[in-house]
Amino acid sequence: MKAVVYKGHGDPVLEERKKPEILDPRDAIVKVTLTTICSSDIHILNGAVPRAKENVILGHEFVGVVEQTGPAVETVRPGDRVAVNVETFCGACFYCQNGWVNNCTDPQGGWALGCRIDGGQAEYARIPYADCGLTFIPDSVSDEQALFTGDLMSTGYWAAQLGEIREGDCVAVIGAGPTGLCAMMAAKLRKPGRVIAIDLKEDRLNFAKRHGLADVVVNPRNENVEETIREWSDHGGADVVIEAAGGKDTFQTAWKLARPAAVVCLVAMYEENQTLPLPQMYGKNLVFKTGGVDAADCGEIMSLIASGTLDPSILITHRASFGQILEAYQAFRRQEAGMLKWAIRMD
């Protein structure tokens, strides 16, 4: 089968690989129908994910059809359309039982697909702990609508949970890329007073405003962000700040935009260490929450998609066949104007 492989720092390679097999009774083999490229894949290619293994098949955000299941799999069967969870988790350990599936104690637990074990930028993928790692797709939901369930939309949903957003809150989201936009979608479900999107790219801000994901948009190139946030908030700063950009200075921006006793959620993946300037923030009594996404709510997200409450497919701006995926990688790395997410269909 054809597969996109990480060969170390640099560009990915398209290789011929052996079709995966069942290795554990809890495994499933999924025939991939639609996949995509994530910014985390770029972090791997940039050498910024130390746990990533060379020669691994990339891809952790995909949907497909179950082709085969191990004898212990109970929730899916061959022929089922499924969305794949970004995380591998056993469902039984202390962390899984508390919903912290990113910290699953299984050796393959956490973000494994497309990082430490072969992922879904291939014709087939093996999914460990299939009962936990696969979400059934109803007939009313298209592959494109389901594509981001297990990672991108899960990240936004988790970010809104972390922020403890209450009705009427002022929520500032730094980064109007795919992650930030999904965080805005999820924040809107909680009826905030306003959502403020902050980004350096006008096309992304326009997208957020056009689709009703943000009430106010701010470009730091054109205005003072701190002053603008104070103008639009009731208590001298945002009640909740979600940092989804992972830029050089965005962590510092995040805590500065927060009002005293606010919650600051760091959901971006940084490529460099960040400094926590405790003397400067002394007395603000901020709560910081951070870490990898706990994608434990895929069933709820799928239900919201099926009901029409959420439609993550609006983020798809580019489409290609699998034979064009390396060209799609190059374009995604350049972040051409208007580009958010690719939908890569299998040939």
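Q: Which residue in β13 stands opposite Val-171?
A: This is a predicted model, in which local features need pLDDT of at least 70, side-chain atom pairs count only at pLDDT 80 or more, and totals for chains, interfaces and linings use all residues. Residues are numbered from 1 along each chain as its sequence is written, and side-chain values use heavy atoms, with hydrogens and water left out. Strands β10 and β13 (residues 238-243) run parallel and are joined by four bridges; strands (E, at least two residues) and helices (H or I, at least four) are DSSP runs numbered from the N terminus, and two strands pair if DSSP finds at least two bridges between them. In β13, the residue opposite Val-171 is Val-240.

Q: What is the bridge partner of Cys-170 in β11?
A: Strand β11 (residues 194-198) runs parallel to β10, and five bridges join the two. The bridge partner of Cys-170 in β11 is Arg-194.

Q: Through which helix does the chain cross from β10 to β11?
A: This β-α-β crossover is right-handed. The term means that, with the strands pointing away from the viewer, the path from the first strand over the helix to the second runs clockwise. The helix between β10 and β11 comprises residues 178-188 and is α6.

Q: Which elements do the buried residues of α6 pack against?
A: Nine of the eleven residues of α6 are buried, so this helix is largely enclosed by the rest of the structure. Among these buried residues are Leu-181, Met-184 and Met-185. They pack against α5 (152-162), β10, β11, α7 (202-210), β13 and β17 (341-345).

Q: Is Lys-191 buried or exposed?
A: Lys-191 is placed in the loop between α6 and β11. Its phi is near 55 degrees, a positive value in a residue other than glycine. Because its relative accessibility is 56%, Lys-191 counts as exposed.

Q: What is the relative accessible area of Glu-164?
A: Glu-164 lies in the loop between α5 and β10. Its phi, near 50 degrees, is positive in a residue other than glycine. Glu-164 is partly exposed, with a relative accessible area of 43%.

Q: How far apart in space are Arg-204 and Gly-175, C-alpha to C-alpha?
A: Arg-204 is in helix α7 and counts as buried at 11% relative accessibility. Not counting residues up to four places away in sequence, Arg-204 touches residues including Ala-176, Gly-177 and Pro-178, where contact means heavy atoms within 4.5 Å. Arg-204 and Gly-175 are 29 residues apart in sequence, and their C-alpha to C-alpha distance is 8.8 Å.

Q: How far apart in space are Gln-145 and Cys-115, C-alpha to C-alpha?
A: Gln-145 is found in helix α4 (residues 143-146). Leaving aside neighbours within four places in sequence, Gln-145 is in contact with Ser-140, Ile-305, Asp-311, Pro-312 and Ser-313. Gln-145 and Cys-115 are 30 residues apart in sequence, and their C-alpha to C-alpha distance is 24 Å.

Note on methods
Buried means under 20% relative accessible area, exposed over 50%, partly exposed in between (1.4 Å probe, protein chains only).
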